[in-house]
Amino acid sequence: MSRDLIDLMPDVRAKVVTMVNACKSRGVDVLVYCTHRSAAEQAVLYAQGRTTKGPIVTNAKPWQSWHQYRRAIDCVPLRAGKPLWTYSTKDPEWRALVEEAEKAGLEWAGRWRIFKESVHFQSLDGLTMEQAKAAMVAVGFDPV
């Protein structure tokens, strides 16, 4: 899995950079720990809690996650350099992250009705997965 912003689609990268900078201006550092995830890596995550040990961490099979299309990130705010892995409305760092991500045009999976995921943000811009895959190839990303 990548955590490098260069592995995101350019329009998504711009939104993430805007969000990170806005958070920083509010005194909140952000750890982006997953950008692109290959289909093989997604398969391993999907198996967790189903056919391998551990808790279920995703409902997305390979090519059902926007990470494969380079349109999603997983991130958390930091407090004193340490990640805040658990979302809480009481944490000003989490509030800042969510507010700035949504202002930048990112969808927050913490608002989903099913399988809420506080660390996941994405930007679909109305694209289908087929269109997103074509756009990814058009800018030179290999769909692996």
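Predicted model: local features only at pLDDT ≥ 70, side-chain atom pairs only at ≥ 80, totals over all residues.

Visitor: Why is Ser-2 called buried?
Guide: Its relative accessible area is 14%. Buried means under 20%, so Ser-2, at 14%, counts as buried.

Visitor: Where does Ser-2 lie?
Guide: Ser-2 sits in the segment before helix 1, which runs over 10-25.

Visitor: What does Ser-2 contact, leaving aside its neighbours within four places in sequence?
Guide: Asp-7, Tyr-33, Cys-34, Thr-35 and His-36. Contact here is heavy atoms within 4.5 Å.

Visitor: Why is Glu-107 called partly exposed?
Guide: Glu-107 has 33% relative accessibility. Buried is under 20% and exposed is over 50%. The value of 33% falls in between, so Glu-107 is partly exposed.

Visitor: Which strand holds Glu-107?
Guide: Strand 4, residues 107-108.

Visitor: What makes the link between Glu-107 and Trp-112 a polar contact?
Guide: Their side chains come to 2.8 Å. The cut-off is a pair of N or O atoms within 3.5 Å, one able to donate a hydrogen and the other to accept it. At 2.8 Å, the pair is within that limit.

Visitor: What separates the C-alpha atoms of Glu-107 and Gln-122?
Guide: A gap of 5.2 Å, though the two residues are 15 residues apart along the chain. Gln-122 is also one of the residues that Glu-107 touches.

Visitor: Which residues are buried in helix 2?
Guide: Ala-39, Gln-42, Leu-45 and Ala-47, in a helix of residues 39-47. Just after helix 2, Gly-49 takes a positive phi of about 85°.

Key
Residues numbered from 1 in each chain as written. Heavy atoms only, no water. Helix = DSSP H or I, 4+ residues; strand = E, 2+ residues; numbered from the N terminus. Buried < 20%, exposed > 50% of the residue type's maximum accessible area, 1.4 Å probe, protein only.
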